[in-house]
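Subject: Structure for your review

Dear colleague,

Please find the structure below, followed by a summary of what was found in it. I would be grateful if you could read the two side by side.

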Amino acid sequence: MHDSLRINRQRLVSRLEQLGQIGALPGGGCCRLALTEEDLLGREQVIGWMHELGLEVSSDAMGNVFGLRPGTEPGPPVMTGSHIDTVRTGGIYDGNLGVLGGLEVVETLNEAGIVTQRPLCVAFFTNEEGARFAPDMMGSLVYVGGMPLEDALATEGIDGERVGECLERIGARGDAPVGNPEVHAFVELHIEQGPILEESGIAIGAVEKVQGISWQELRFTGTSNHAGTTPMRLRHDAGYAAMATGTFVRELANRIGGDQVGTVGALEIQPNLVNVVANQAHLTVDLRNTDNERLKQAETELAAFVEQLAEREGIEVKHRTLARFDPVTFDPDMVARVEASAKALGHSVMRMPSGAGHDAQMLARVCPTAMIFVPSADGISHNINEYTAPEELEAGVNVLLRVLLDLAE
């Protein structure tokens with residue numbers, strides 16, 4: 001009976017589209033930065049669906065939300081989920097698929113009259129993207145005890161607001177404790193956010209590991225001066241320092257090779273005038289690698305370059321670490337379950353790493369964990385043109401259904 005169960009594709013897509021209308025952007029996509037009014041509306045929509053499906057809904061002091069479906073026996077639940085916050089230029093699938101896919105699994109089980117032995121739980125975690133508050137995966141990190149709640153609540157965002165104040169303002173802070181969860185296993189369904197599955201013609205990715213992440217903020221302070229009258233040899237140009245750092249990050253990633261990537265994602269220059277040498281430059285550097293030693297190498301080389309650059313140009317540099325997570329390897333048995341479930345459903349499957357960070361890498365600290373990937377058209381994500389075809393979404397949620405049943409039975 002369980003082998004014949006399949007989810008309702010149309011219902012899944014309808015929920016994704018409805019949630020995508022909250023914070024909708026012109027031309028497609030949506031913007032629901034963490035703990036904004038748009039995030040509140042998204043939370044209310046998803047929590048409403050949880051209640052409609054008969055789930056027991058709770059939230060913790062970090063604003064993480066959990067919808068519990070009791071089993072025939074008490075005990076730690078089999079959990080699935082992801083996040084519903086987005087970047088400013090987000091699509092409607094990133095994170096949302098993992099949450100709404102979990103709700104679709106619950107509704108499919110409800111319709112079939114199946115009650116699992118272990119409880120099932122669908123969760124969404126606060127501030128996964130880190131687009132407003134650093135670090136990313138903050139909610140799940142606090143949930144598993146990897147970051148003190150007090151530190152998270154005191155975190156200041158890019159707009160000067162603090163996490164705790166925003167949680168209170170939108171009424172998202174619950175009373176459930178954080179830091180020591182009991183979870184039997186965690187499975188996260190997500191779009192790949194990369195081109196590998198589509199290029200390979202593969203339907204399902206069984207994710208074996210997640211890259212380590214290093215986010216850094218650099219602030220250069222030089223001297224503002226006239227662009228026409230200041231000789232090059234006498235300049236203390238913060239703008240040049242920022243540009244040189246960006247070029248170095250690209251060269252560094254190419255030189256280290258392998259899975260190493262490097263990105264300057266945010267850049268601000270002051271006074272930002274065509275005829276004035278910049279006296280202030282603020283930029284972020286995102287370094288990632290599946291090999292922690294190579295990631296450390298990249299960090300060390302970047303730090304040495306920036307120090308030498310500042311000394312040579314006669315400018316000041318201040319450094320701040322925004323996030324630092326080691327690479328994570330998922331439980332081999334859980335990865336094998338994903339692979340076997342995909343094959344049993346007739347889908348092509350490949351084992352692969354994740355280049356993006358996910359809540360699953362935090363849950364891996366406390367329970368056996370795995371991820372399921374489905375293709376992203378043209379490898380595009382964090383973009384209003386993000387797209388995964390309905391049949392690909394359906395395949396991923398059916399694999400999720402089978403894995404969750406396997407774990408819960």
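In this message, contact means heavy atoms within 4.5 Å. The model is a predicted one, in which local features need pLDDT of at least 70 and side-chain atom pairs count only at pLDDT 80 or more, while totals for chains, interfaces and linings use all residues. Residues are numbered from 1 along each chain as its sequence is written, and side-chain values use heavy atoms, with hydrogens and water left out.

I begin with the annotated site. The unreviewed UniProt entry carries the annotation "binding site" for Asp94, Glu129 and His382. These residues span 289 residues in sequence, yet no two of their C-alpha atoms are more than 9.9 Å apart, so they gather at one spot. UniProt positions are given in the numbering used here, feature names are shortened, and annotations may be inferred rather than shown by experiment.

Glu129 is located in the loop between strand S4 (120–124) and helix H4 (138–143); helices (H or I, at least four residues) and strands (E, at least two) are DSSP runs, numbered from the N terminus. Glu129 is buried, with a relative accessible area of 10%, where buried means under 20% relative accessible area, exposed over 50%, and partly exposed in between (1.4 Å probe, protein chains only). Leaving aside neighbours within four places in sequence, the contacts of Glu129 include Asp94, Trp215 and His382.

His382 occupies the loop between strand S15 (369–374) and helix H12 (390–408). At a relative accessible area of 36%, His382 is partly exposed. Beyond its neighbours within four places in sequence, His382 is in contact with Val87, Thr89, Asp94, Glu129 and Gln193. The side chains of His382 and Glu129 are joined by a polar contact of 3.2 Å. A polar contact is a pair of N or O atoms within 3.5 Å; within protein, one must be able to donate a hydrogen and the other to accept it, and residues adjacent in sequence count only if both atoms are side-chain atoms.

Turning to the chain as a whole, there are 12 helices and 15 strands. Buried residues make up 55% of its 409 residues. Of the contacts in the chain with a separation of 6 or more, 80% are between residues 24 or more positions apart. The C-alpha trace spans about 80 × 45 × 40 Å along its principal axes.

Lastly, Ser354 lies in strand S14 (residues 349–354) and is buried, with a relative accessible area of 1%.

Yours sincerely
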